[in-house]
Amino acid sequence: MRGVSLYLLLGHLLIAGVGSTCVPVQCLRCNATGETQADPCSRCSNSSAQCIDVPSDVPSNCTKDFQVSVNTTGSKVNEGDDITLTCVHNLPDLNLTFGWIYDKEEIQKGRNKSELRLEKVLTDRGGPYICFVNSSCGYYESSPHDVTVENQTLLILVICGVSALVLVLVLGLAMKFKLKRDNAKLKERMRQKAREGQNNAPAPFTPRES
């Protein structure tokens, strides 16, 4: 019986919560400057209240224009670098919950972080990133922020090719210089042997005069 009573009480509270909506004053255009007489929110008659009971279809002229955007350390990064995305907003600090969407799917669920740090990003992690903020004032999303990851494979191949070509040229010049020096030494030894052979040859025979 006690369990049934508790169930009925929770159900009553749930129905009461669904039937009434209380929007915090910070979310509405109460005492806003620069508004025409047709603009003021009719729900702000009691500005001293912490929140205002309104139906779910709050008039557009009553809701403040909150903005959510993504700031980043750099939209273009090289493959293997780190990048940090920051969710920036002008919402009042009322039960804020942060989240991130990539490729139409929510990532890092449950972390509730206003920053998204991507470490050693690869080319397949490039694309649009969206941050969203869920608060007492409603749900707001940023515009997609494109992250471009530069592929360094082609650059590495070019660098390796140029390095290999330079190495081959250096080795070729070194071998050419060595052969030239060896040929010079060989010629010098041959000339030296020819001179030694001339010095060791017997003196020419000359007949004596009678």
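His145 is buried, with a relative accessible area of 15%; buried stands for under 20% relative accessible area, exposed for over 50% and partly exposed for what lies in between, with a 1.4 Å probe and protein chains only. The model is predicted, so local features need pLDDT of at least 70 and side-chain atom pairs count only at pLDDT 80 or more, while totals for chains, interfaces and linings use all residues. Residues are numbered from 1 along each chain as its sequence is written, and side-chain values use heavy atoms, with hydrogens and water left out.

His145 belongs to strand S11, residues 145-150. Helices (H or I, at least four residues) and strands (E, at least two) are DSSP runs numbered from the N terminus. Contact means heavy atoms within 4.5 Å. Apart from neighbours within four places in sequence, the contacts of His145 are Val70, Thr72, Ser75, Leu85, Gly127, Pro128 and Tyr129. Tyr129, with residues up to four places away not counted, touches His145 and also, among others, Val70, Leu85, Leu116, Leu118 and Val147.

Tyr129 is also one of the residues with the most contacts inside the largest nonpolar core, together with Leu85, Leu91 and Trp100. Such a core is a set of buried Ala, Val, Leu, Ile, Met, Phe, Trp, Tyr and Cys residues joined through side-chain atoms within 4.5 Å. This core has 32 residues, and the elements that give two or more residues to it are S3, S5, S6, S8, S9 and S11. In soluble globular proteins, nonpolar side chains tend to be buried together.

S3, S5 and S8 form, in that order, an open sheet of 3 strands with antiparallel pairing. Two strands pair if DSSP finds at least two bridges between them. S3 and S8 are the edge strands, each pairing on one side only. S5 (residues 83-89) is joined to S8 by 4 bridges, and Ile83 stands opposite Leu118 in S8.

| Strand | Residues |
|---|---|
| S3 | 68-72 |
| S6 | 97-102 |
| S8 | 115-118 |
| S9 | 127-135 |

For the protein chain as a whole, the secondary structure comes to 2 helices and 11 strands, in the sequence pattern α-β-β-β-β-β-β-β-β-β-β-β-α. Of its 210 residues, 22% count as buried. Among contacts between residues at least 6 apart in sequence, 64% join residues at least 24 apart.
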